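Dear colleague,

Here is the structure I said I would pass on. Please have it open while you read the notes below.

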Amino acid sequence: MDEFTRACLPGFVLDTRLEPGARVVTFFNGVTAREIIVTLDEERRRLVWGAESPFLKHYNGSAQVFERGGLTCVVWTADFLPDEAAATVGPLMEAGAKAMKVALNRLVEKA
């Protein structure tokens, strides 16, 4: 999980701290969340986590990596409550997707 973060989200995630079955993540905007690891399936290249945060009643996220036509495709989804949290979660996911695209493009350039 931390390898995924280091490779795909540099600058988006500022700090992580591992705990048994979870990690505490600090994002670029200062938001901190405790992420509970639900599934880490290396064979399917799939990661699922839940998050605990003061502004969320529920959060479930997943990321899965696919290869398509020689390209890498990352599918990242999130389900959360309350709906009003979209004002915080949406911009975080957009920033994360941009950081991930930059990082993956850099990996391709190095190859």
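What follows covers strand pairing, one serine, and the salt bridges.

Please bear in mind throughout that this is a predicted model.

Strand pairing

Strand 4 (residues 46-52) and strand 5 (residues 58-68) run antiparallel and are joined by five bridges. The two strands make a hairpin, with five residues between them. Strand 5 also pairs with strand 6 (residues 71-81), again in the antiparallel sense, over eleven bridges. Here the hairpin has two residues between its strands, and Gly-69 in the turn has a positive phi of about 60°. Glu-67 stands opposite Thr-72 of strand 6.

Ser-62

Ser-62 lies in strand 5 and is the bridge partner of Val-48. Is Ser-62 buried or exposed? Its relative accessible area is 16%, which is under the 20% cut-off, so Ser-62 counts as buried. The side chain of Ser-62 makes a polar contact of 2.7 Å with the side chain of Thr-77. Leaving aside neighbours within four places in sequence, Ser-62 is in contact with Leu-47, Val-48 and Trp-49, and also with Val-75, Trp-76 and Thr-77.

Salt bridges

Arg-17 and Glu-19 form a salt bridge through their side chains, at 3.3 Å from N to O. Arg-17 is partly exposed, with a relative accessible area of 47%; Glu-19 is also partly exposed, at 26%.

Between Glu-52 and Arg-34 there is a salt bridge whose closest N and O atoms are 3.5 Å apart. This pair, too, links distant parts of the chain: Glu-52 is in strand 4 and Arg-34 in strand 3, 18 residues apart. Glu-52 has a relative accessible area of 45% and is partly exposed, and Arg-34, at 27%, falls in that class as well. Salt bridges with shared partners join Arg-17, Glu-19, Arg-34 and Glu-52 into one network.

Regards

Definitions and conventions
Residues numbered from 1 in each chain as written. Predicted model: local features only at pLDDT ≥ 70, side-chain atom pairs only at ≥ 80, totals over all residues. Heavy atoms only, no water. Pairing = 2+ DSSP bridges. Helix = DSSP H or I, 4+ residues; strand = E, 2+ residues; numbered from the N terminus. Buried < 20%, exposed > 50% of the residue type's maximum accessible area, 1.4 Å probe, protein only. Polar contact = N/O pair within 3.5 Å; in protein donor to acceptor, adjacent residues only side chain to side chain. Contact = heavy atoms within 4.5 Å. Salt bridge = Lys/Arg side-chain N within 4 Å of Asp/Glu carboxyl O.
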